[in-house]
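I opened the model today to look up its charged pairs, its helices and its nonpolar packing. My notes follow in the order I made them.

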Amino acid sequence: MVINRGTVNRETAKEPFWSMDASEIFGVLKTNLSGLDEKEVAVRLKIFGSNVIKEYSRSSKVKIALRQFRSLLIVILIVAGVVTIFLGKWIEMSVIFAAVTVNAIFGFWQENKAETVLELLKTYIRVRARVRRNNQEHGVDASELVPGDIIRITQGDRVPADARLLFVNNLEMDESV
């Protein structure tokens, strides 16, 4: 097992913390049960960045509209509509293309609305964490957590980051979304 005794850096985060005991982890991350001080938190935020999952960019309305025609069933209906044009079956052709159009409109509407609602929900939900810093417990935004922070999780809390459990008492988790 490689234990990094230099400064805490991006390579430090690749250590197999799951297989180490607490004293080894404290040594690698240069922390202790008192937590980090504010200067060290600022340094680590610069090195590691914020504790946020990279967000995907929202699809353009054109992409959403084009995605409505990717289904195999829709492609088959379009081919059938083209074949009915060559057969001169104008009523059947109209019905097929009307069905494809209605499907595309409703699909676009649903997908666009879902993305809009998800974006709005993200602005309302802020995950907070109880963290030990300077030998005191503070409430911070989960995006401000850094490797080496000592997090306190109590009943009903969300786990705010990847973490190694140090002390546990009757732990039960609900992993459902």
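How many salt bridges does the count come to? I worked on a predicted model, and the count comes to 9 salt bridges.

I looked up glutamate 119 and found its side chain in a salt bridge with arginine 58, at 3.7 Å from N to O. Glutamate 119 sits in helix H5 and arginine 58 in the loop between H2 and H3, so I noted a link between distant parts of the chain, 61 residues apart, with glutamate 119 partly exposed at a relative accessible area of 41%. Arginine 58 is partly exposed too, at 31%.

I then looked up arginine 67, which meets glutamate 111 in a salt bridge at 2.4 Å, N to O. This pair links helix H3, which holds arginine 67, with helix H5, which holds glutamate 111, across 44 residues. I read 25% relative accessibility for arginine 67, which counts as partly exposed, and 24% for glutamate 111, also partly exposed. Arg58, Arg67, Glu111, Glu115 and Glu119 are linked in a network of salt bridges.

I checked H5 itself: residues 90–124, with 51 Å from first C-alpha to last, close to the 51 Å expected at 1.5 Å a residue. Its buried residues are Met93, Ile96, Val100, Ala104, Gly107, Asn112 and Glu115. Their cover includes helix H3 (61–67) and helix H4 (72–87).

Is arginine 133 buried or exposed? I found it buried, with a relative accessible area of 3%. Arginine 133 lies in strand E1 (residues 128–133). Its side chain reaches the backbone oxygen of glutamate 144 at 3.0 Å. Arginine 133 also forms a salt bridge with aspartate 149, at 2.6 Å from N to O. Aspartate 149 is in the loop between strand E2 (136–141) and E3, so the pair ties together parts 16 residues apart in sequence. Aspartate 149 is buried, as is arginine 133.

I listed the largest nonpolar core as 6 residues: Ala129, Val131, Val140, Ala142, Leu145 and Ala161. Another core, of 5 residues, lies apart from it and includes Met20, Ile25, Val28 and Leu29.

I found Ile25, Phe26, Val28 and Leu29 buried in H1 (residues 22–29). Seen down the axis of H1, they fall within an arc of 165 degrees, so they line one face of the helix. Helix H2 (38–48) and strand E3 (150–152) are among what covers them. Lysine 30 follows H1 and has a positive phi, near 50 degrees.

Terms used: Residues numbered from 1 in each chain as written. Predicted model: local features only at pLDDT ≥ 70, side-chain atom pairs only at ≥ 80, totals over all residues. Heavy atoms only, no water. Helix = DSSP H or I, 4+ residues; strand = E, 2+ residues; numbered from the N terminus. Buried < 20%, exposed > 50% of the residue type's maximum accessible area, 1.4 Å probe, protein only. Polar contact = N/O pair within 3.5 Å; in protein donor to acceptor, adjacent residues only side chain to side chain. Core = buried A, V, L, I, M, F, W, Y, C linked by side-chain atoms within 4.5 Å. Expected span 1.5 Å × (residues − 1). Contact = heavy atoms within 4.5 Å. Arc of directions from axis to C-beta. Salt bridge = Lys/Arg side-chain N within 4 Å of Asp/Glu carboxyl O.
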